[in-house]
Structure formats: structure tokens, C-alpha cells
Amino acid sequence: MAKMWQGRFKKELNEKVNDFNSSISFDSRMYRQDIQGSIIHVKMLGKQGIIDEKDSKIIAKELAAIYDDLESGALRFDMNAEDVHMFIEQALTERLGDLGKKLHTARSRNDQVAVDLRMYLRGEIDVIVGLIKKLIAVLVEKAESNLNTVMPGYTHLQRAQPITFAHHLMAYVEMFKRDMVRLFNCFDNMNECPLGAGALATTTYPIDREFTAEYLGFKNPMQNSLDGVSDRDYCIELASAIATCMMHMSRLSEEVVMWSSWEFKFIELDDAYSTGSSIMPQKKNPDICELIRGKTGRCIGNLTTLLSMMKGLPLAYNKDMQEDKEAIFDSVDTVKLCLSTLAPMLATMTVNVENMSNAGKKGFINATDCADYLVKKGLPFRDAYKITGTLVSVCIDGGYTLDNLPIAEYKKLSDKFQDDIFDAISLQKCVDERKVTGGPAPQAVAKHIEKIRNTVLNDEED
């Protein structure tokens with residue numbers, strides 16, 4: 001395929017350089033956005049009298065035909081083309097001759113690729129947000145069915161205080177809710193139109209940038225042409241939001257890996273979402289979770305790629321910026337794959353309620369409640385803390401828990417202790433009394449679930 005810019009050059013481009021320079025292998029996925037942008041651009045050219053309005057309509061109609069042919073497979077991408085923009089323009093010129101060459105009037109590939117990428121990523125953000133909402137819906141369903149499933153909460157991976165499995169899952173709901181907010185913000189920030197910025201300094205033609213921005217679904221044109229063609233903040237911002245979402249999935253995946261081990265056995269994954277071993281017939285491996293952990297590093301790497309790519313670039317466009325697409329496309333593809341796999345895996349997992357409860361009975365996770373019992377009887381907290389610590393030591397030496405330590409042992413350390421201590425430190429009581437906003441009490445978590453259903457999930461349910 002002849003290069004559109006070959007007039008300046010006396011030699012053909014070296015074949016290896018052509019391959020090195022080409023981006024069609026990865027930017028061809030933006031053909032829908034490229035054609036849509038071109039149709040609106042040429043309609044604007046006709047409306048403004050920059051080209052004949054009749055010619056504008058013919059070009060727009062042929063661009064729509066190229067779109068249909070690419071969708072049906074009647075037209076296939078030429079991998080020798082430099083990029084998707086040149087491929088579509090060449091296909092148009094082959095069909096319309098000199099008329100097709102008018103399309104690129106008052107436009108550069110610099111503003112063309114910038115508008116294509118923004119449009120493409122806007123659509124992908126919508127898809128990612130939809131997948132996050134599905135994951136949140138699964139977590140909410142699991143939480144609602146485990147409002148009274150008591151388990152140990154951890155700090156430093158040491159048993160700390162009693163919570164419920166519902167409370168634990170809803171912590172991830174909050175993380176993914178923030179991910180949605182970051183994606184919405186990213187969408188809003190990228191929703192300005194660079195088309196009309198030209199190569200870097202707009203154009204002398206009387207274009208209507210407000211028209212193209214409006215009909216391409218942008219809130220307004222970008223206000224500086226240099227920024228319009230050289231900005232990739234939106235790619236970096238999206239890559240960051242995706243990396244953060246992946247980090248949240250990785251944290252949850254790590255817990256599922258632990259929970260499904262024989263050491264915990266809090267949950268069991270469905271056979272359809274587990275794998276086996278080629279040599280050990282007893283194995284049931286949480287490979288999905290492990291892959292999510294691994295792919296998280298990949299998305300973090302893509303963010304680093306984009307930041308490193310942009311950090312030393314002078315204004316305006318530089319060819320380095322062609323490296324934006326593979327990085328951001330990979331992050332988009334990866335987060336979509338992980339979200340769409342994680343949600344059904346969690347939906348089908350079995351919760352071992354008894355194992356969680358039994359784990360809660362060990363590790364003295366009701367020690368804080370024991371200290372609080374003394375505080376409510378009038379002791380300063382630090383005194384109550386010291387007495388309870390001594391009680392824990394007594395239990396360890398004697399092989400007791402706080403639940404079955406004889407009351408006589410309690411009274412040796414404080415006459416404030418009465419038989420009601422055992423009710424005060426029962427795990428269910430410990431959980432039920434933590435009913436403040438954000439606490440693990442079933443009624444508090446139920447309110448949290450209701451709030452998520454009425455806000456985050458309302459669109460999906462409608």
C-alpha cells in the first residue's frame with residue numbers, strides 16, 4: 001500500500017522499518033470509532049462549505065459502506081497498512097477516487113488518533129463499570145446470605161476480633177465502588193474532543209469544532225490544540241484506575257486462595273472454577289485467583305509504561321505516543337477478563353460456616369470485649385486491658401479459652417467479673433453489639449447492603 005506521505009521522499013520505506021513503524025496490528029480495533037469520527041468530520045466539512053455538500057454526503061455514505069463491509073468480513077484489514085486511519089482512507093480512495101482524498105481536509109492523523117482513542121476508551125469504561133457492578137452484585141448476594149456467619153477478623157494475618165463474613169465481603173464492595181467512581185471521573189476528564197486540533201496548530205479552514213464535538217458525544221472541544229494532540233493523561237488515568245481495581249481483585253483473590261486451603265477451609269470453590277494437578281490427584285487449585293494476582297502486576301506494568309513514555313516528551317505529538325495503545329488496550333482487556341471470571345467464581349463458591357465459626361473460637365478474638373466489659377463496670381481502659389492480657393496468659397498456660405475459663409480465675413484478677421461475663425464475650429454477642437455505622441453487626445451490614453442496592457446497583461436492577 002502506497003504511503004499517503006510519500007511525496008516528500010525519494011526512496012521507498014525499508015520493509016523492516018515499515019513493520020517497526022506500523023500500528024495496524026493493534027489499532028485496527030478502533031475502526032468503528034475511526035469511521036464514526038470521519039463521518040462526522042466530513043459532514044462538518046460539507047456544512048461549512050469547505051467541500052461541496054454533495055461530495056460530503058457521498059463520502060459519508062461510502063464510509064458507512066466500508067464500516068458495514070468490515071463488520072461483515074467482506075473487507076479485511078491489510079496488515080501492510082501503516083495504521084487503521086490510513087487503511088480506511090486508502091479503502092475510501094480506492095472506491096471513490098479523487099473524491100475520497102478530500103476526507104482528510106482540515107485534519108491530521110494526530111487529532112484523528114486522539115479522538116479515536118478517546119471514543120474507544122469511553123466505550124470500554126462503560127463495559128468495565130458494568131462488569132464491576134456485576135461483581136458487586138455477587139458480593140452483595142453472598143453477604144446477604146451470610147449476615148450471621150461469624151468469623152475471625154484479622155490484622156497482621158493474626159486473629160484479631162470477631163466479624164461476619166458479610167462484613168468482610170462488603171469491605172470489597174466499598175473498594176469496587178471507589179473503582180467505579182475513579183472510572184466515572186476518568187470518563188468525564190477524557191470527554192473533551194481533540195478533533196480540529198490538526199497536527200498541532202488547528203487549521204486555516206473555517207471548521208466547526210463545536211459541531212464535531214457535539215455529534216461525537218463529547219461535552220466540548222479541547223481548548224488548546226497542542227494539548228489536544230499530545231495529551232495522554234486519560235490513558236494514564238484509566239490505566240491507574242484499572243491497576244487499582246486489579247489490586248483490589250488481587251487482594252480478594254489472595255484471601256480466596258487462603259480461605260480455600262486446608263489450613264483455613266473457610267470456602268470451597270466450585271469444580272468449574274478450579275483446576276487439578278498433573279501428578280497429585282488430590283489437588284484442587286484456585287488457579288483463577290492466582291492468575292488474577294499475576295495479571296495485576298501486568299496492569300501495574302502498563303501504567304508504568306505509560307508514565308515512562310510521557311515523562312520526557314516535548315510538545316506536541318511524538319511517535320513515542322504510539323506506544324500508548326498496546327499498554328492501555330492490554331490493561332482494558334485484562335481487567336475485563338478478570339472481572340468476568342471472578343464474579344461467577346465467587347457466585348458458585350461454598351461457604352463453610354462451621355469452619356469459620358470454629359476458627360473464631362480460637363485466638364482470643366473476644367479479648368477486647370472482655371476488657372470493654374470491665375470498662376463498663378467502671379475500670380479505666382488501660383487497667384482493664386492489663387487484666388485481660390493477664391487472663392489470656394492464664395488461658396494459654398492452662399489450655400483454656402476465655403469462654404471456658406472458670407469464673408473463679410476471672411475473680412482472682414478483678415471482683416468486677418460476674419457470671420454475665422460469658423454472655424458478654426460470646427462471639428455472637430461481640431458481633432451483635434458492634435452495630436454502629438460500618439460495624440459487623442447483622443443489622444449494620446444489612447443497612448449497608450440496602451444502601452448499595454439503592455445506589456450502586458439501582459441502574460442494574462432497573
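Modeller: The largest nonpolar core has 79 residues, and L121, I136, F176, M249 and L346 touch the most other members. Such a core is a set of buried Ala, Val, Leu, Ile, Met, Phe, Trp, Tyr and Cys residues joined through side-chain atoms within 4.5 Å. Buried means under 20% relative accessible area, exposed over 50%, and partly exposed in between (1.4 Å probe, protein chains only).

Colleague: What are the ground rules for the numbers?

Modeller: This is a predicted model, where local features need pLDDT of at least 70, side-chain atom pairs count only at pLDDT 80 or more, and totals for chains, interfaces and linings use all residues. Residues are numbered from 1 along each chain as its sequence is written, and side-chain values use heavy atoms, with hydrogens and water left out.

Colleague: Which residues does L121 touch?

Modeller: Leaving aside residues up to four places away in sequence, L121 touches M190, Y234, C235, L238, I328 and V332, where contact means heavy atoms within 4.5 Å.

Colleague: How many residues are in the second core, and which are included?

Modeller: That separate core has 34 residues, including I35, I40, I59 and L75.

Colleague: Turning to the rings, how many aromatic pairs are there?

Modeller: The count is twelve. Rings of Phe, Tyr and Trp (its six-membered ring) pair if their centres lie within 6.5 Å; planes under 30 degrees apart count as stacked, over 60 as edge-to-face and the rest as tilted.

Colleague: Why is the pair of F381 and Y385 tilted?

Modeller: Their planes are at 50°, with the centres 6.1 Å apart, so the pair is tilted. F381 is partly exposed, at 36% relative accessible area.
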